[in-house]
Each structure stands twice: as structure tokens, then as C-alpha cells.
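Here are my notes on this model, point by point. Please read them with the coordinates open.

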Amino acid sequence: MKRSDLSAEAPSLAAGMAAADHSPAGQLLQTRHRAALVASWDIAPGSTVLELGCGQGDTTAVLAEAVGPGGRVVAVDPADPSYGSPVTLGESADRLVAGPLGSRIDFRFRTDVLDPSVDFPDGAFDHVVLAHCSWYFASLGRLRDTLTRVRPWARQLWFTEWDLTPTSGDQTAHLLAVLIQGQIEAAGSPGVGNVRTPFSREELLRLLPGTGWRAEGGGPVDTGALQDGDWEVAACLDLVGSPERMASLPEPVRRLVLSQADVLRAVAVERGNRPLAGYTVAAR
């Protein structure tokens with residue numbers, strides 16, 4: 001079966017997303033990014049894929065295009081389908097399922113693979129994918145346990161996340177926004193934002209061997225066209241401006257966070273904060 005040209009299909013895939021009704025240009029940027037990611041992975045037509053942390057299905061749609069009509073994508077997320085704005089996870093999934101890719105996708109929200117009731121046969125999937133979702137985990141321990149749990153179910157892991165190591169000074173705002181959010185979470189003030197447990201690529205590579213996976217490759221991922229730098233700066237400043245979240249922090253942590261927020265305001269620009277780069281790790 002012929003492989004799909006994912007880059008060429010990106011505009012039609014983006015147009016099929018519910019979020020495109022609100023921001024067609026932004027959705028196209030996100031879909032092009034996912035198309036480049038999946039194109040760099042060895043996912044052949046007819047493959048079965050388990051996607052963890054599918055969210056609104058940005059990567060799910062591209063994976064469904066890649067596996068073709070003979071393939072299948074099981075997309076799971078612990079969140080409730082009512083989560084998300086201006087489009088909820090459920091609304092986005094419903095749009096995808098009603099479209100031409102729907103027969104290839106099985107969305108499962110409110111699903112945590114650490115729940116003993118969630119199980120698949122050994123070797124049920126050719127691939128397991130985590131794309132820009134690992135910082136949502138409440139702790140590194142839960143990520144470790146999740147990677148361990150899915151190990152028997154698939155032969156190949158594709159893992160993509162933001163890289164904490166900046167390559168240029170204009171990524172400082174995104175880095176600070178991420179680290180501040182991580183400190184607030186680590187100090188015992190949990191939330192539901194995009195950033196809960198930020199960690200480095202090196203930390204992932206230290207964690208993998210204990211989960212049964214062996215890293216076999218990977219590399220940098222170009223994220224220059226994405227708007228996540230702006231989004232995380234705004235999310236961080238909103239968080240620091242929340243009296244309830246800040247009041248729950250120990251006094252020394254609160255003072256540290258407030259000082260770092262001052263620096264963030266000084267270095268951030270109103271629009272166009274360059275995002276951190278990304279990275280991919282392949283493992284078996």
C-alpha cells in the first residue's frame with residue numbers, strides 16, 4: 001500500500017478539525033507540525049497505533065492518514081470529553097469520527113492506561129505514540145509507570161516533547177514560563193494546565209531503561225512556526241495572577257515565583273515569543 005504524502009495532506013487534515021472553525025491558520029500550523037513528525041516516524045500503511053494523551057486529536061488525524069484505510073488508531077486520554085476551549089475534546093473527536101478518517105480512529109476519553117481495567121493483548125499494536133503530552137503527567141513516576149505498562153502492548157515507541165535546553169536567547173520567555181509553571185506544581189499547587197511536570201530530554205533517557213524500553217534514535221524537531229511560546233507565557237502570567245494558586249504556595253516558593261514572573265514580563269514580547277525546540281526519541 002502506498003504511503004500518504006502527509007505534508008501534502010496537511011491542509012485538508014487541518015480543515016477537518018473542529019478548531020479550524022475558530023483559528024484556521026493556527027490549526028494549519030499545528031497540523032503541519034504533526035505531519036512532519038509522523039512523516040519522520042516509520043509508520044507504514046496498515047499499522048495499528050496506540051496514541052497516549054491524544055487531546056483534541058491533532059496528531060490523531062495525521063496518524064489516521066498515515067495508517068490508511070487498513071490501519072487503526074486507538075487514541076486515549078484521561079481527560080473528560082467536556083474539557084477544552086473554545087473546542088472541547090469531545091467536539092473535536094466527534095468531528096473527526098464523522099469525517100473520512102473516522103472508521104480508522106477509536107477515541108477513548110476518561111481512560112488511564114494505569115487503570116487495571118484498561119488492558120490490551122501483548123503485541124496488540126505496532127506503535128505507541130506520545131506527542132507533546134508528557135508534561136501533562138502529574139509526576140515523572142506516573143510517566144514511568146505508564147511507559148512500563150504499555151511496553152508489552154507495542155514493539156515501537158515514538159516520543160516527542162519540548163526540549164528544555166534553549167538554542168537561542170529569544171526562547172527564554174518560553175523556558176521561563178514552563179519552569180515557573182513546573183515549580184508551582186512541584187510545590188504542591190496542582191492544576192490542569194498544559195505544563196505540570198516539565199523535564200529534560202536527558203531525564204527521559206535516564207528514565208527509559210527502567211521501563212523496559214531501549215532508546216534507538218531520535219533527534220531535534222523544528223517548532224519555529226508554532227505559537228506555543230506565546231500560549232505558555234500567557235498561561236504562566238495568568239497562573240501567577242491567581243490569588244488562590246499563589247496563596248497555596250509556601251512563602252519562599254511564592255517569592256521565588258513572583259521574582260521569576262517579573263523577569264518573564266521583562267523578557268517576553270507581546271506576540272511572537274519564539275518557542276523552544278522539540279525532540280523525538282525512538283525506542284524499542
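1. A salt bridge here is a side-chain nitrogen of Lys or Arg within 4 Å of a carboxyl oxygen of Asp or Glu. Asp112 and Arg142 form one, with the closest N and O atoms 2.5 Å apart. Asp112 sits in the loop between E3 and strand E4 (125–131) and Arg142 in helix H5 (residues 140–150), so the pair ties together parts that are 30 residues apart in sequence. Helices (H or I, at least four residues) and strands (E, at least two) are DSSP runs, numbered from the N terminus.

2. On provenance: this is a predicted model, where local features need pLDDT of at least 70, side-chain atom pairs count only at pLDDT 80 or more, and totals for chains, interfaces and linings use all residues. Residues are numbered from 1 along each chain as its sequence is written, and side-chain values use heavy atoms, leaving out hydrogens and water.

3. How many salt bridges does a search of the whole structure find? The count is 17. One of them joins Asp21 to Arg95, the closest N and O atoms being 2.5 Å apart. Asp21 is in the loop between helix H1 (6–15) and helix H2 (24–39), while Arg95 is in helix H4 (residues 89–98), 74 residues apart. Asp21 is exposed, at 54% relative accessibility; Arg95 is partly exposed, at 33%. The cut-offs: buried is under 20% relative accessible area, exposed over 50%, partly exposed in between (1.4 Å probe, protein chains only).

4. Arg274 and Asp170 also meet in a salt bridge (3.5 Å, N to O). The two are 104 residues apart. Separately, Arg72, Asp106 and Arg108 are linked in a salt-bridge network.

5. Check Asp228, in helix H8 (residues 228–240). Asp228 is buried but has no salt bridge; the nearest side chain of opposite charge, Arg34, is 6.1 Å away. For that test Lys and Arg count as positive and Asp and Glu as negative, with His and the chain ends not counted. The side chain of Asp228 does make a polar contact of 3.4 Å with that of Gln30. A polar contact is a pair of N or O atoms within 3.5 Å; within protein, one must be able to donate a hydrogen and the other to accept it, and residues adjacent in sequence count only if both atoms are side-chain atoms.

6. Seven strands form an open, mixed sheet in the order E3-E2-E1-E4-E5-E7-E6. Strands pair if DSSP finds at least two bridges between them. E5 and E7 run antiparallel over six bridges. Thr160 has Thr280 in E7 as bridge partner, and their side chains make a polar contact (2.7 Å). Thr280 is buried, at 7% relative accessibility.
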